[in-house]
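Please look at the charged side chains in the structure shown here. The paragraphs that follow go through their pairings.

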Amino acid sequence: MALTDFFTRKYAAPAPPAEVPGPEAWPEIGETWKPEGLPVAERYYNQAQAVVLVARTHQDPYGTAYYLVACLGCHFLSTRTKHHSFYIRYALGQAAETANAHAGTCRALPRDLPPRPDEDTARNLLRSWVTDMARRNLLHPDTDLDLAEFDSGRLELQRTNEWIQTELEALAAERSDLLAVRRDERTGTVRFLARPLAR
């Protein structure tokens, strides 16, 4: 073999390995993804790769945090677990168990996180919830209205507790027949008292 054969001979490039197409993953926005008012603590995939979220909704003055579970495939949403004859808000462990159990059985296809509404839309949404509660007479006169009443709408609203509280105070100033605000001067806490609308 002549020396020139080493420079003129061409070798075929090896064929790239065949890639096995995997399921299309939910688009990641980073591990620190925390929509305003809905900080995501954990995520699970269902059988069709739709995401099941565990998100914090509130933290009380004693440091206890509460969570909701929401599936971005189907419309499963849970904010409380049954304990004997009453319902209590989720701690992280309970929410994680619920999310994992739902992810193991749900076959819904992935869908996107609902878009965050603009200020006017969010404000009107919150006010319509309060008005609907009063119209259905779900709230008795001067009943405490806790921010937890809005947990089931957090995925749609995507606002902080502070924003919700500010809007409720504004609504109480406009509609004293619907909502009242009482401030505890000693602790500085604010309580909302709901009043049902007359039929």
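Is R154 buried or exposed? R154 counts as buried, at 1% relative accessibility; buried means under 20% relative accessible area, exposed over 50%, and partly exposed in between, with a 1.4 Å probe and protein chains only. The model is predicted, so local features need pLDDT of at least 70 and side-chain atom pairs count only at pLDDT 80 or more, while totals for chains, interfaces and linings use all residues. Residues are numbered from 1 along each chain as its sequence is written, and side-chain values use heavy atoms, with hydrogens and water left out.

R154 forms a salt bridge with D151, with 3.7 Å between the closest N and O atoms. A salt bridge here is a side-chain nitrogen of Lys or Arg within 4 Å of a carboxyl oxygen of Asp or Glu. D151 counts as buried at 2% relative accessibility.

D151 also forms a salt bridge with R89, the closest N and O atoms lying 3.5 Å apart. This pair links distant parts of the chain, 62 residues apart: D151 is in the loop between strand 7 (143-144) and helix 4 (154-157), and R89 is in strand 6 (residues 86-89). Helices (H or I, at least four residues) and strands (E, at least two) are DSSP runs, numbered from the N terminus. Both D151 and R89 are buried.

Another salt bridge joins R159 and E119, with the closest N and O atoms 3.1 Å apart. R159 sits in the loop between helix 4 and helix 5 (161-174), and E119 in helix 3 (residues 119-135), 40 residues apart. R159 is buried, with a relative accessible area of 0%, whereas E119 is partly exposed at 35%.

The whole structure holds 8 salt bridges.
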